[in-house]
Amino acid sequence: MKAGDFPKEIAAFRARSPVRGRKTLQAAMLYNRTMPIPERLNPTFASARTPAPVHLDPLEKARKRLIVALDVPDAAAAAELVAQLENTCCWFKVGLELFTAAGPAVIEPLVRRGHSVFLDLKFHDIPNTVAGAVRSVAALGVRMITLHAAGGPAMLTAAKAALNGVENPPELLAVTVLTSMDRTQVNAVGLDRSPAEQVELLARMGLAAGMHGFVCSPSEVASLRALTGPEAVLVIPGIRPVGAEAGDQKRIATPAEALRLGASYLVMGRPITQAPDPAEAAEAILREMAGAF
Ligand code: C5P
């Protein structure tokens, strides 16, 4: 294939991308609307098959609970990562960096290819504004969205109400205390509490406002699980495989530890995305997670 063989939209995409070479071509192809969806990812194909057995193989169970954070600067870099990981992982998290650079258009190819998308924009504003934002993102077909519990009960209630009547609504997750915050950071914003105490306070408030999804660090997952019961969705970042760099994360655990403590989903970015071979790194993490079941 030569450059002239590509439709105009792919040529434009490649011209904008800071990444050059074969990988950019694969990335551009991923974003081409005319590209067929692989059978494995085709939702119609999946639903035509016999329903999945209730007892999944531990590795499959792990795959359904690992969310890869696409913390990259643009759509080309995201597409490149997804192309490398989509045979290994089925959940991708789009956060502030990518969404701000690439806009809502970055979600569409992921959803179309059958992936589950966690849109992590951590809304925190007046109730009316957050309700509007929740309605807007619900229309994108994402499966989880976040807002800061610190926005208060009125904001949480308005966000929840915004999903009334939405067909197949995304899970609303209240972020408690960022995993990058230790006691010093928590105290610096005027709270005379430990991160654990602040997480508990916010979780109790969230539960009272009707939330049943939360984001917290591995250090608080066990107490949060005890507080919320088995039905709540607990999404846990700050996960590091044995021997990995912590980076800016302060309250961390290994994948198996976090699952044993009660996590529903694990979010991982750098240990996968910055590995020399992201798919291989993800496979190793899945095996580590599978050991917890
Ligand atoms: O690279 P790393 O594994 O640290 O990425 C963690 C991801 O989880 C980042 O995208 C970060 O924004 C997100 N996150 C977090 N702490 C929270 C909520 C989300 O680290 N409380």
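The following legends describe close-up views of a predicted model.

View 1. The shell around the ligand holds 16 residues, of which A69, T179, P237, G269 and R270 come nearest. By residue class, this shell divides into 7 nonpolar, 6 polar and 3 charged residues.

**View 2. L178 in the loop between β5 and α10.** In space, L178 lies 9.5 Å from H148, C-alpha to C-alpha, although the two are 30 residues apart in sequence.

**View 3. Helix α8 and its buried face.** V130, A131, V134 and V137 are buried in α8. Seen down the helix axis, the buried residues of α8 fall within an arc of 135°, so they line one face of the helix. An α-helix has 3.6 residues a turn, so residues three or four places apart point the same way. The buried residues of α8 pack against strands β3 (116-123) and β4 (144-148) and against helix α9 (153-162). N128 and S136, on the other side of α8, are exposed.

**View 4. Helix α11 and its packing partners.** The 14 residues of helix α11 (residues 195-208) should span 20 Å at 1.5 Å a residue, and the separation of the end C-alpha atoms, 20 Å, agrees with this. Buried positions in α11 are P195, Q198, V199, L202, A203 and G206. Because these buried residues fall within an arc of 130° when seen down the axis of α11, they line one face of the helix. Their packing partners are α9, β5, α10, β6 (213-215) and α12 (218-228). G210, which follows α11, has a positive phi, near 90°.

**View 5. The largest nonpolar core.** This core contains 77 residues, of which L66, V68, A78, A159, I236 and L266 touch the most other members. Helix α5 (residues 75-85) contributes the largest share of the core, 8 residues. Leaving aside neighbours within four places in sequence, L266 is in contact with R65, L66, I67, I236, I239, P255, A258 and M289. In soluble globular proteins, nonpolar side chains tend to be buried together.

Technical notes: Residues are numbered from 1 along each chain as its sequence is written. This is a predicted model: local features need pLDDT of at least 70, side-chain atom pairs count only at pLDDT 80 or more; totals for chains, interfaces and linings use all residues. A residue is near a molecule or strand if its C-beta atom, placed from the backbone, lies within 6 Å of it. Ala, Val, Leu, Ile, Met, Phe, Trp, Tyr, Cys and Pro count as nonpolar, Asp, Glu, Lys and Arg as charged, and the others, Gly among them, as polar. Helices (H or I, at least four residues) and strands (E, at least two) are DSSP runs, numbered from the N terminus. A residue is buried if 20 or more other C-beta atoms lie within 10 Å of its own, exposed if 12 or fewer, and partly exposed in between; C-beta atoms are placed from the backbone. The arc is that of the directions from the helix axis to the C-beta atoms. Two residues are in contact if their C-beta atoms, placed from the backbone, lie within 7 Å. A nonpolar core is a set of buried Ala, Val, Leu, Ile, Met, Phe, Trp, Tyr and Cys residues joined through C-beta atoms within 7 Å. The expected span of a helix is 1.5 Å times one less than its number of residues.
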